[in-house]
Amino acid sequence: MLLVLLSGVVFGVAGMRYAFDPSPVYERFDQRRDALPDEVTGPRLLVEQINDFQRTDFEPLAPDAQGIQRAHAVYKELGERQVDLSAQQIDPQHGLDELKAMQKDYENNPNVSRLVFYPDAQTPYLYVVYAAEGRAVYEFAWINNGWLLRAYTNQSDADTLLRFVNSYPN
């Protein structure tokens, strides 16, 4: 009887550790994403509201100097925590190459404290934490059809960013 009681306490304490220490934020990125249509427009790409995050600034989809379509939006959660989301049109055949190039750039950056790359995931993505201007920056980058999406923040924490990217409709 004492053995059963003792093992219950041991397993209970171990279970409490996992209940209050969830898996790392980069392992909780939602893989289930709807494919973006080929001819998506800026407002469809960078929607007006994502859960509690309201879009406060918007740069519509437009070609840059190299002819690459880009868009950018700033979102704020309850008017305070800011998350930036940028989208860049890429060749769907070479989307993974774009993420690999990002990974290589971050590997060479001495300010990077965490870099995790999931090229074989259902939705290939990268997660990075680095220092910029004295602040921690958290970033997720993922591929969706012919788009490279990057969500990042230096005004919120990693869990806030995760909540944003997992609520993003695509």
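Trainee: Contact means heavy atoms within 4.5 Å. With that, which residues does Ser113 touch, not counting residues up to four places away in sequence?

Mentor: Val129 and Tyr130. Before you go on, this is a predicted model: local features need pLDDT of at least 70, side-chain atom pairs count only at pLDDT 80 or more, and totals for chains, interfaces and linings use all residues. Residues are numbered from 1 along each chain as its sequence is written, and side-chain values use heavy atoms, with hydrogens and water left out.

Trainee: Okay. Where is the place of Ser113?

Mentor: Ser113 is in strand S5. Helices (H or I, at least four residues) and strands (E, at least two) are DSSP runs, numbered from the N terminus.

Trainee: Is Ser113 buried or exposed?

Mentor: Exposed, because its relative accessible area is 58%. Buried means under 20% relative accessible area, exposed over 50%, and partly exposed is in between (1.4 Å probe, protein chains only).

Trainee: How far apart are Ser113 and Ala136?

Mentor: In sequence, 23 residues; in space, 9.4 Å from C-alpha to C-alpha.

Trainee: Let's zoom out. How many helices and strands does the chain have?

Mentor: Four helices and eight strands. Along the sequence the pattern reads α-α-β-β-β-β-α-β-β-β-β-α. The chain has 170 residues, and 39% of them count as buried.

Trainee: What order do the strands take in the sheet?

Mentor: The eight strands form an open sheet, S1-S2-S3-S4-S8-S7-S6-S5, with antiparallel pairing. Two strands pair if DSSP finds at least two bridges between them. S1 (49-50) and S5 (112-118) are the edge strands, each pairing on one side only.

Trainee: How many bridges do S1 and S2 have?

Mentor: Two, in the antiparallel sense.

Trainee: What about S6 and S7, how many bridges?

Mentor: Eight, again antiparallel, between S6 (residues 125-132) and S7 (residues 135-144). Val128 has Glu139 in S7 as its bridge partner.

Trainee: Switching to helices. Which strands does H3 lie across?

Mentor: Helix H3 (residues 95-107) lies across S4 (81-89), S5, S6, S7 and S8 (147-153), at about 160° to S5. Axes are lines fitted to C-alpha atoms, for helices over the stretch in contact, and angles run from 0 to 180 degrees between N-to-C directions. Helix H4 (residues 158-167) also packs on the sheet.
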